[in-house]
Amino acid sequence: MTAEPTATEDKPSGARSRSQHQRRKRIVQAAAALASRGGVEAMQMRTVAERAGVALGTLYRYFPSKMDLVVAVVSEELDLLEGSIERRPPRTDAPPQRAVDVLMRATRGLMREPELAEALIRSLLLSDVKTDFGDRMTGLLLRASVGPDSEVPAGDRRRVLAKALSSVWTMEMIEMLRGHATAEEIQVRLETAAARLLADF
């Protein structure tokens, strides 16, 4: 006698994939909502699972640790920023100003949820989990300053300089989150740094 297929086997692979994607998205959104209210400390795995409507074991299959979950939230925020830049690219002609436009959009986006912003920045600095945050921010700055269709090789000096500007922005965000700087002060310093670092772009 042939065994009847299980419910999982019955479900087409495309439907399974969509279901898994939706479940993962619910988990990340639940984690972001908790972090926006209480920082990383509020992102308890059991609480995230309950809020997302999934079993705790399911959550751990998607995200083996809290830091893996934090990295996923960071990636989601970057997706939103990249989408915004694609829809409304910087309009100024000067590469340094285009880069600053991107960084200030990122600043305003994060500061709409300061608890979440602090959680993400702090976790990026302290986490042992590998993240592509720095590379993606560098890529955004290069696309804004050099052009969306330009290829910049890994060893190119422009990539090194764009990464340096991204690092400056990260440190400025920390100052702002600590209450030691305003958005206006950060913009002035970023404009100064960009003018020097990206002068030859």
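The protein has ten helices and zero strands, where helices are DSSP runs of H or I with at least four residues, strands are runs of E with at least two, and numbering starts at the N terminus. From that end, the elements read α-α-α-α-α-α-α-α-α-α. What you see is a predicted model, in which local features need pLDDT of at least 70 and side-chain atom pairs count only at pLDDT 80 or more, while totals for chains, interfaces and linings use all residues. Residues are numbered from 1 along each chain as its sequence is written, and side-chain values use heavy atoms, with hydrogens and water left out.

Now the overall picture. Taken along the principal axes, the C-alpha atoms fill a box of roughly 75 × 40 × 30 Å. Of the 201 residues, 40% count as buried, meaning under 20% relative accessible area, with over 50% called exposed and partly exposed in between, for a 1.4 Å probe and protein chains only. Contact means heavy atoms within 4.5 Å. Among contacts with a separation of 6 or more, 68% come from residues 24 or more positions apart.

Next, one helix pair. Two packed helices are described by the angle and the distance between their axes. How do the axes of α6 and α8 cross? Helix α6, residues 95-111, and helix α8, residues 133-145, have axes that come within 8 Å and cross at roughly 140 degrees. Axes here are lines fitted to C-alpha atoms over the stretch in contact, with angles from 0 to 180 degrees between N-to-C directions. The two helices are therefore oblique to each other; under 35 degrees is roughly parallel, over 145 roughly antiparallel, 65 to 115 roughly perpendicular, and the rest oblique.

On the α6 side, P95, R98, A99, V102, L103 and A106 meet M137, L140, L141, A144 and S145 of α8.

Helix α6 also holds R105. Is R105 buried or exposed? R105 counts as buried, because its relative accessibility is 12%. Its side chain reaches the backbone oxygen of R88 at 2.3 Å, and a polar atom of that side chain lies 3.3 Å from the backbone oxygen of S84. Leaving aside neighbours within four places in sequence, R105 is in contact with L81, S84, I85, R88, P89 and P90.

Last, E172, in helix α9, residues 157-177. E172 has 10% relative accessibility and so counts as buried. Which residues does E172 contact, leaving aside its neighbours within four places in sequence? They are I186, R189 and L190.

Notes:
Polar contact = N/O pair within 3.5 Å; in protein donor to acceptor, adjacent residues only side chain to side chain.
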